[in-house]
Amino acid sequence: MLKRIEQILKNQKGISGYKICESRIESSELFFVKKNVDMDRAKNVRHFIVTVYLDYEEGGNKFKGSATTNVDPTMNDREIAKVIS
């Protein structure tokens with residue numbers, strides 16, 4: 001997934017830099033009825049936060065702007081490119 005996001009970022013024009021943060025969350029839950037385990041549930045979730053930097057000039061002054069968005073692992077390449085742009 002990281003390589004897909006990087007490739008899409010490299011194909012975007014005008015971007016002067018980017019940052020990708022990946023976090024993983026793992027948890028397990030047990031549900032009891034009286035003293036017996038009735039159900040258990042586990043999750044393993046990945047989150048990607050992408051920050052894009054852009055250098056621009058306005059009124060003779062140079063600025064660096066940034067925008068941050070979340071990229072879900074279930075997104076296809078077209079959807080990732082849309083949220084990044």
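The lining of the largest pocket draws at least two residues from each of β2, β3 and α2, where helices (H or I, at least four residues) and strands (E, at least two) are DSSP runs numbered from the N terminus. β3 supplies the largest share of this lining, five residues. The structure is a predicted model, in which local features need pLDDT of at least 70 and side-chain atom pairs count only at pLDDT 80 or more, whereas totals for chains, interfaces and linings use all residues. Residues are numbered from 1 along each chain as its sequence is written, and side-chain values use heavy atoms, with hydrogens and water left out.

The volume of the largest pocket is about 210 Å³. Of the 16 residues that line the largest pocket, Ile15, Val52, Ala67, Ile84 and Ser85 are the closest to its centre. On a 1 Å grid over the protein atoms alone, a pocket is an open set of points where a 1.4 Å probe fits, with protein on both sides within 12 Å along at least five of seven lines, and lining residues have an atom within 4 Å of a point. Grid points are joined across faces, edges and corners, and the volume is the space filled by probe spheres set on the points. Eight nonpolar, seven polar and one charged residues make up the lining; Ala, Val, Leu, Ile, Met, Phe, Trp, Tyr, Cys and Pro count as nonpolar, Asp, Glu, Lys and Arg as charged, and the others, Gly among them, as polar.

Helix α1 (residues 2–11) contains the buried residues Ile5, Ile8 and Leu9, buried meaning under 20% relative accessible area, exposed over 50% and partly exposed in between (1.4 Å probe, protein chains only). These residues lie on the same side of α1 because they cover an arc of only 100° around the axis, the arc being that of the directions from the helix axis to the C-beta atoms. Lys3, Lys10 and Asn11 are exposed on the face of α1 turned away from its buried side. The buried residues of α1 pack against β1 (17–33), β2 (36–58), β3 (61–71) and α2 (77–84).

Asp77, in helix α2, is partly exposed, with a relative accessible area of 41%. Leaving aside neighbours within four places in sequence, Asp77 is in contact (heavy atoms within 4.5 Å) with Arg4 and Ile8. Asp77 and Ile8 are 69 residues apart in sequence, and their C-alpha atoms are 7.4 Å apart. Ile80, also found in helix α2, is buried at 0% relative accessibility. With neighbours within four places in sequence again left aside, the contacts of Ile80 are Met1, Arg4, Ile8, Val71 and Met75. The separation between Ile80 and Leu9 is 71 residues in sequence and 9.3 Å in space, C-alpha to C-alpha.

The strands β1 and β2 run antiparallel and are joined by 17 bridges; two strands pair if DSSP finds at least two bridges between them. Lys19 stands opposite Thr51 in β2, and Leu30 stands opposite Asp40 in β2. The hairpin of β1 and β2 has two residues between the strands. Lys34, in the loop between β1 and β2, has a positive phi of about 60° although it is not a glycine. Most residues other than glycine have a negative phi. Lys34 is exposed, with a relative accessible area of 81%.

β2 and β3 also run antiparallel, with eleven bridges between them. Ile49 stands opposite Asn70 in β3, while Asn61 in β3 is the bridge partner of Glu58. The hairpin formed by β2 and β3 has two residues between the strands, and Gly59 in the turn has a positive phi of about 65°.
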